[in-house]
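Please read the points alongside the sequence and the coordinates.

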Amino acid sequence: MVAKFIGVGVGPGDPELITLKAARLIQGADVISYIANEENLSQAKSIASLVLDNTEKEQGEIPVVMPMCDDRSVANRIYDQAASDIQKAIIEGQTVVFLCEGDPLFFGSFAYLLERLQVLDINCEVVPGISSVHAASSALKLPLTMLKESFAVMSGRHSQDQLAEALNVYDSVVIMKAGRSRQKILDAINASQRQHEAKYLEYIGREGEVIHHDVDHLTGEAGPYFSLFVITKKQRDRS
């Protein structure tokens, strides 16, 4: 087999949502890479722990340790170093699998490594995973879109005006990365008068899962990184 760099989606948190293909590639990898915090703890690696525990071969690791800061220059230096480490492993004939929460190319850190390694002409592959958007829809037992309904995915990093505009334009809106932006998002939802159509979720499919069906009772204090809002029309046109 030709050594390559593979981004593998491990889903939103439930280890049983890892695909058969993802599990096979994880277990066949020579090196496992993943985003970790400064204590070397990784959400993606934790989700894939059942698969990794049943791997028979010895595997190297390339943790990509991200400090808790918003300095993009720091993040870029870390991605540059990780891409260099991954390139070296591949040149040595090792296949590197990068574990990605959700889907690798949907708000995924894998994308930053992919663009660096593609420039270096490294053989790359991507295996899709279940995103938190679809996991949230399933947890709520709520269709995201039906018939001609429009749909948008936003980030809590957008301004309140941008969020309110999306809520006024689209029938269904998912706002991801709600964490520290919770109050801003709530203000945008209230400004668009859609508070009675909004749901809030944390840690979908993981231990500590939280679902609020009534955001009027939700405080504006910062929440966890793994949180999102789902806003859909209460009255749906099925004609």
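1. Two strands are taken to pair if DSSP finds at least two bridges between them. The model under discussion is predicted, and the pairing described below is to be read on that basis.

2. Strand β10 covers residues 227-231 and is mostly covered, with 5 of its 5 residues buried. Its side chains divide between two directions: S227, F229 and I231 point one way, whereas L228 and V230 point the other way. Residues of both groups are buried.

3. Which strands pair with β10? One of them is β7 (residues 172-176), which pairs with β10 in the antiparallel sense over 3 bridges. Strand β8 (residues 198-202) also pairs with β10 in the antiparallel sense, here over 5 bridges.

4. H213 lies in the loop between β9 (210-212) and β10. Is H213 buried or exposed? Its relative accessibility is 51%, and H213 therefore counts as exposed, since the cut-off for that class is over 50%.

5. Once neighbours within four places in sequence are left aside, H213 is in contact with L140, A198 and K199.

6. A166 is 47 residues from H213 in sequence, and the two are 21 Å apart in space, C-alpha to C-alpha.

Technical notes
Residues numbered from 1 in each chain as written. Predicted model: local features only at pLDDT ≥ 70, side-chain atom pairs only at ≥ 80, totals over all residues. Heavy atoms only, no water. Buried < 20%, exposed > 50% of the residue type's maximum accessible area, 1.4 Å probe, protein only. Helix = DSSP H or I, 4+ residues; strand = E, 2+ residues; numbered from the N terminus. Contact = heavy atoms within 4.5 Å.
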